[in-house]
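Let's take a look at the open spaces in this protein and at one of its helices. Here is the sequence with its structure.

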Amino acid sequence: MPSSRPPDAPTPDGGWRGLMTYQPAEQVASNATRRPMIRQIVLSSAVVVAFGIAAVVLGGFAGESLGLATAGMALATAAISLGIVIPTFLWVDRLEPEPTRLLWFAFLWGALISTLGALLLNQLGVQAISELSSSDPLKVGAVIIAPVTEEFLKGLGVALIFWRARREFNGITDGIVYAGIIAAGFAFVENMFYIGNAYAELGTPGLVGVFVVRGLVSPFAHPMFTVCTGLAFGLIAHRRRFSSIWIVLVGYACAVFLHGLWNYSAVEAAQAYLVIFLLVQVPLFIGFILLLRWSRRRESRLLRDLLTGYGINGWYTPAEVAMLADPGERRRARGWARRAGGRRAERAMQAFQDESGELAMVRAHMNADGIDQEWLRREEQLLRLVTDHRRLFVPGV
């Protein structure tokens, strides 16, 4: 077990030397004014106001079109599928959890901003088609307009997180998680409207039918589409160059295609729907599940490889590295800590695991993007926290 004094830490030239005596070649003073705080307050307030306005508009529209009682029942029914989708993406995100504030931003972006924007743009698109073309505007709207607008708006949420939370967007797994949570929020509100309309027109049988098809049979439809865009952003997380924009465009095109194919199967006859569902959607869903498993295993290997470097220099034992890279072992380690030292030790083990995962991602960024003062500061902070929390569940180290 490592000693209580931090022995070594990585340095900008890729080597390792004592952390306690290490001083960066150039110290950068922090901003002494209040402007960073003011900018953060203004930005946060703008986000809250935007979400609030979208919620009020959507709530008013739902109340007017469905009625308050029907809207409330539809909202509760649609929320059931969240119990399937959200835990799945949190499972994928277990090794290096994303900040709660970003997960909430992703969900609210999908549920409020993307939904309201799609509602307005889809109506405008259908109206334009009805005036300019003899084609069935509802079918064209479902197969072409809706996939283009909805995937753009959901993908815009992923792009904002990619842009504003650069130090939290660490790769493929993060892109999948953020995209999936955004799409879950979008599907939640969209399902509420579909379920409410079905209940208003057909009563309980309509409500049950739509809920089974959208909430139970295909709860991952929207996440499956938008994950294509999130995967693309994840691929360029460590090479943020304009020349890589084509990867995002390819991911967006795949999302639009899959979404359009799904909607096409829904607006055609039941026979066509079943054929497309069995021959196309079921294999795609299987591929989607395999992608989630691959992503988590990839992150596990990355975590093990990066923490091994710290282990070689005394920060972790081999047993700790093996535990941190295995979700099952992490769960058993938390149970051991609780039996050995109570809830305080269990919380310390949880913090130790979370901080180790973030430390690995910090090192991944430094390996790919180069060293800067903020990464060094964050690494030093995490190394100290890891050591402090270890002392709580392994006293005397």
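The second largest pocket holds about 790 Å³ of space. A pocket here is an open set of points on a 1 Å grid over the protein atoms alone, where a 1.4 Å probe fits, with protein on both sides within 12 Å along at least five of seven lines; lining residues have an atom within 4 Å of a point. This is a predicted model, so local features need pLDDT of at least 70 and side-chain atom pairs pLDDT 80 or more, while totals for chains, interfaces and linings use all residues. Residues are numbered from 1 along each chain as its sequence is written, and side-chain values use heavy atoms, without hydrogens and water.

Gln-40, Arg-101, Leu-102, Arg-164 and Ala-165 sit nearest the centre of that second largest pocket. For the largest pocket, the residues nearest the centre are Ala-142, Glu-150, Glu-190, Tyr-194 and Arg-214.

Here's how the two linings divide (Ala, Val, Leu, Ile, Met, Phe, Trp, Tyr, Cys and Pro count as nonpolar, Asp, Glu, Lys and Arg as charged, the others, Gly among them, as polar):

| Pocket | Volume | Lining | Make-up |
|---|---|---|---|
| Largest pocket | about 1,300 Å³ | 40 residues | 24 nonpolar, 13 polar, 3 charged |
| Second largest pocket | about 790 Å³ | 29 residues | 15 nonpolar, 4 polar, 10 charged |

Who supplies the most? Helices are DSSP runs (H or I, at least four residues), numbered from the N terminus.

H4 bends by about 40° in a kink centred on Trp-109; the bend is the angle between axes fitted to the seven residues ending there and the seven starting there.

Conventions
Helices (H or I, at least four residues) and strands (E, at least two) are DSSP runs, numbered from the N terminus. Grid points are joined across faces, edges and corners, and a volume is the space filled by probe spheres set on the points.
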